[in-house]
Amino acid sequence: MPGARRKKPVRRASQKPAPHPALMLIQGYWISQLVYVAAELGLADELAKSPLTADALAKRVGADSGALARVLRALAGVGVFKADAKGRYRLTPLAQTLRSDHPASLRDFARMMIGDYNWRAWGGLLESVRDGKPAFDRVLGMPFFEYLQRSPEKERRFSASMASISAAENSAIANAYPFGELTRLVDVGGAHGHLLAAILRRHKKLRGVLYDQPQVVARAAERGFVSAPVVRDRIEVVGGDFFTSVPAGADGYLMKYILHDWDDARCVTILRLCRDAMAPGGRVLVADHMIPPGNAFDRSKLMDVNMFVLLTGKERTKAEFAELFAKAGLRLRRVVTPATTIKVLEAVRA
């Protein structure tokens, strides 16, 4: 009726106002640090054995019980861990990924990504946006990969973290691309061989070459990917520098998360070396994020900024990849989409 007063909606006592979306963005680093503490202390590993109170868990991991109780309570509020009626904390499905022994473990990735050097480098983003130079070099005093070479333990953790984040991706790539059409595949910059091993397990007749810096591949066997009985007789491990040479004569050259580390000029160098080394009819395969058009969320857009903070590289669009290939004497032939967030771009001689 005209002039009637509208009643205000009544909020029930059980309804809590949702936090402002901007606050969740602003305070996101609080959760990152909580996850880092959980990963670093190995909380999920201990709780996988049995539910524990904060006091008991603190004794196991060497922490202050009062402080740890506050951390556990906060993590439970975002779905990591869950307290029961007796005050004992248990694992949730999300917390399972922070276990060291879980097939989908992201513990090493959390420790690396939120650890000291990455955390400090991201703190220099503002200055990097102003001058266009990587924050890592300025904050840490040297380029990213030089820093890792000088810190063997950090380099080991980096390689382990790459293996952990890649577990699901590797299987998806091995299933999506027809590697069975190849006879010999070189995994350029393949670290400890987690991707190559996944591909060779899927394609029984394929032989592979794991190629990376000598100090990296020297530890490949101990990680267990290339030494597994099902693949070890079909993998050759070679140390070297992919800016100067790659093993010759293969019909496939694969790079996963390699080109996004480097500027265009260095990418062209790597690609040209692969082109010149491959057998007639060979192909170069790049497994990387590919930035889509539009405003929708895509992990590649955040990864692109991470590459800017840490290195001189970038994530690229399809057109930018095609241009890189052309400069190296290659032609982008097709893009394969595995059941994951990255693509496999196939290039052949132009």
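Select Leu330 to begin: this residue stands opposite Arg349 in strand E10. The model is predicted, with local features requiring pLDDT of at least 70 and side-chain atom pairs counted only at pLDDT 80 or more, whereas totals for chains, interfaces and linings use all residues. Residues are numbered from 1 along each chain as its sequence is written, and side-chain values use heavy atoms, without hydrogens and water.

Helices (H or I, at least four residues) and strands (E, at least two) are DSSP runs, numbered from the N terminus. E9 and E10 run antiparallel and are joined by 6 bridges; two strands count as paired if DSSP finds at least two bridges between them. A hairpin of 6 residues connects E9 to E10.

**The largest nonpolar core**

Next, display Val188, Tyr253, Met255, Leu271, Val286 and Phe325, which touch the most other members of the 30-residue largest nonpolar core. Such a core is a set of buried Ala, Val, Leu, Ile, Met, Phe, Trp, Tyr and Cys residues joined through side-chain atoms within 4.5 Å. Helix H16 contributes the most, with 6 residues. Apart from this core lies another, of 25 residues, among them Ala174, Leu185, Val231 and Leu254.

Now centre on Met255, which is placed in strand E7. Met255 counts as buried because its relative accessibility is 0%; buried means under 20% relative accessible area, exposed over 50%, and partly exposed in between (1.4 Å probe, protein chains only). Leaving aside residues up to four places away in sequence, Met255 touches Val188, Ile270, Leu271, Cys274, Val284, Leu285, Val286 and Ala287, where contact means heavy atoms within 4.5 Å.

**The open sheet**

Move to strands E1, E3 and E2, which form an open antiparallel sheet in that order. Strand E1 (52-53) and E2 stand at the edges with a single partner strand each, so one side of each has no neighbour in the sheet. Between E1 and strand E3 (residues 88-90) there are 2 bridges, and Leu52 stands opposite Tyr89 in E3.

**Salt bridges**

The structure holds 24 salt bridges, each a side-chain nitrogen of Lys or Arg within 4 Å of a carboxyl oxygen of Asp or Glu. Select Glu40 and Arg157, whose closest N and O atoms are 3.4 Å apart. This pair links distant parts of the chain, with Glu40 in helix H2 and Arg157 in helix H12 (residues 152-176), 117 residues apart.

Then select Asp45 and Arg107, which meet in a salt bridge at 3.5 Å, N to O. Asp45 lies in helix H3 (residues 43-49) and Arg107 in helix H7 (residues 107-113), 62 residues apart. Arg107 is buried, at 12% relative accessible area. In helix H7, Arg111 and Asp108 form a further salt bridge (3.7 Å, N to O); because they are 3 residues apart in this helix, about one helical turn separates them. Arg111 is buried at 15% relative accessibility, whereas Asp108 is partly exposed at 24%.

Finally, select Glu181, Arg283, Arg333, Arg334 and Glu346, which are linked in a network of salt bridges.
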